[in-house]
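Could you walk me through this structure in my viewer? I would like to know what to select, and what to look for at each stop.

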Amino acid sequence: MASPISVYNSNALDTHISSTSRESLKMELLADVSLLPGEDRIIDKDIIYICPFNGAVKGKVLITNYRLYFKSSDADVAVMLDVPLGAISRVEKMGGASSRGENSYGLDITCKDMRNLRFALKQEGHSRRDIFELLFKYAFPLSHSLPLFAYVTQEKYEESGWNIYKPMEEFRRQGLPNNKWRITFINKNYELCDTYPTVLAVPFKSKDEDLRRVAAFRSRGRIPVLSWIHRENQAVIVRCSQPLVGMSGKRNKDDERYLDMIREANDTPKLTIYDARPNVNAVANKATGGGYEGDEYQNAELIFLDIQNIHVMRESLKKLKDIVYPNVEESHWLSSLESTHWLEHVKLVLSGAIQVADKVSSGNSVVVHCSDGWDRTAQLTSLAMLMLDSHYRTLRGFQVLIEKEWISFGHKFASRIGHGDKNHADQDRSPIFVQFIDCVWQMTKQFPTAFEFNERLLLTILDHLYSCRFGTFLYNCENARDQHEVRSKAVSLWSLVNSKMDIYLNPFYTPESGRVLYPVASMRHLELWVTYYIRWNPRIQQQQQSPVEQRYKELLALRDEYLKKLEELQLSDSSPSSRLANSSTPNTSSTSSTPSQQYTHLQTPL
């Protein structure tokens, strides 16, 4: 990390402050700002932060090519903001030159991470013009032909996070290829499907020409391919997009035969096709050339899971933001939360994933799709895999799951998040991945010993979903990442995570291979993730770490300390005097104790 900034130009401090005290104030205000390698200071300015919890707070704002940093100058009110510019969705001017009223002239900033920021400046000249233009430029670099910060940062880590997921290694871990499933490289140049990965697992009996004919009948060419296989019963989770049935009810014998090959691979009596959409939406999609599998797909059953589309999820999160920021209205909290429907959507996603996992666990293969197979499909397959496979519940395994089912299979991160793009009203934006992480959090709450990672990991992932500091979540698909040379020019988020794994570990984790997790997906058992959605409210009493978890860690550290002392004693000379001399905590009482008394003390169970 670079050292704290030492130069901080200011032109608006009161004239009676001496040059020396001015410099000392600058240094004090910026003492805890450390720039990342490659991060440059753009502008600093005296400003007033209209804090929703403390009122108007005077201080200084610093804009770099990565962040907005504010620190209050008032000793009585300690306020600090450190916001990655990538988390900014919208920057607007507040008030005009003729505005009346205190602090009515300034900037309004809408963030993607559940908070809004408002700054006021003095109404003289065009005092906000420079900061507005620079903030707008660096918060939305792609709209100004500038590189994303991930291409500018010069951070270095010992381990490259880009190596965490290797498709062939992951398929081998699952026991593939075998005599029912083969690995194909037909998409090595993204010619079969430009949003799919280059390495695909398909039925052993299928030929490459079959795959091409099936691709012609599936939206965006996203053919049914294997995501996961059950080692014992060989049932599989297959993902794809909707068939192009259209209003006329077109059929494709190759597609029908291909799905039957999937069924035959482990003699599933009836292939279950889970369509994530509500039935009415799937029918409506026929008008635009899409649709769903009808009765012509023999030996198959179709189940609709009633999960709403990206637009409904976007509006739901907006409503949630309205009731949690800046103020939480206690008197109508439950009815307000219910009116957002956010937990209801979380419930439907979890419920759908449970159905998928249960079907596969009972030996039946499934096909999962929504419209294009990169939003709700990714939610369902990844959550079902998390329930079925304990490997994905480890710290590294969870990274593999995200890389595989979300990043490699073309969830449209760039479109859904809007990295570096000023078009805040873009209808493609939607919190689909946030909703998935919320579902994972719900599972960790219900199974506190089943996950190797803790809540901090989930918060870190969501923070860097927006930050543009890492290349992990940039662009819409693997093909686009290859074209923009992300792996060679940007750092992976997993490089950061794996450089300090200890802080992301769950001390209660108990490995249990083979155990299938079935969370309870009812409204009575789901909670609002306060630590994420309401974390900006200082009045919400919450701790990053529970007292129980903190005490548990202390006891583990104490146990390790005692075990180390015991080992030292066992390795030392057998005479009582030398054993006492080697004790790392000699005191009057211990030197008068016999060796056996000491040994007993060290063995005391915690």
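Keep in mind along the way that the model is predicted.

**Stop 1**

Start by selecting helix α9, residues 342-361, together with helix α13, residues 432-446. Their axes lie 10 Å apart, and the two helices pack at an angle of about 75°. Angles of 65 to 115 degrees count as roughly perpendicular, so α9 is roughly perpendicular to α13.

Now show the side chains where they meet. On α9, pick W342, L343, H345, V346, V349 and L350. On α13, the partners are Q435, D438, C439, Q442 and M443.

**Stop 2: a salt bridge across the sequence**

How many salt bridges does a search of the whole structure find? The count is 36, and we will call at a few of them.

Select K45 and D130 next. They form a salt bridge, with the closest N and O atoms 3.1 Å apart. K45 belongs to strand β1 (residues 41-51) and D130 to helix α2 (residues 129-139), so this pair ties together parts that are 85 residues apart in sequence.

Is K45 buried or exposed? K45 is buried, with a relative accessible area of 14%, whereas D130 is partly exposed at 29%.

**Stop 3: a pair within helix α7**

Move on to helix α7, residues 310-324, and select E315 and K318. These two residues are three apart, about one turn of the helix, and their side chains meet in a salt bridge of 3.6 Å, N to O. Both ends are partly exposed: K318 has a relative accessible area of 46%, and E315 has 35%.

**Stop 4: a pair within helix α19**

Next, go to helix α19, residues 547-571, and select E561 and K565. Here the closest N and O atoms of the salt bridge are 3.4 Å apart. The two residues are separated by about one helical turn because they sit four residues apart in the helix. With the surface on, E561 is partly exposed, at 39% relative accessible area, while K565 counts as buried at 14%.

**Last stop: a network**

Finish by selecting K205, R257, D260, R263 and E264 together. Salt bridges that share partners join these residues into one network.

Key: Residues are numbered from 1 along each chain as its sequence is written. This is a predicted model: local features need pLDDT of at least 70, side-chain atom pairs count only at pLDDT 80 or more; totals for chains, interfaces and linings use all residues. Side-chain values use heavy atoms; hydrogens and water are left out. Axes are lines fitted to C-alpha atoms, for helices over the stretch in contact, and angles run from 0 to 180 degrees between N-to-C directions. Angles under 35 degrees count as roughly parallel, over 145 as roughly antiparallel, 65 to 115 as roughly perpendicular and the rest as oblique. Contact means heavy atoms within 4.5 Å. A salt bridge is a side-chain nitrogen of Lys or Arg within 4 Å of a carboxyl oxygen of Asp or Glu. Buried means under 20% relative accessible area, exposed over 50%, partly exposed in between (1.4 Å probe, protein chains only).
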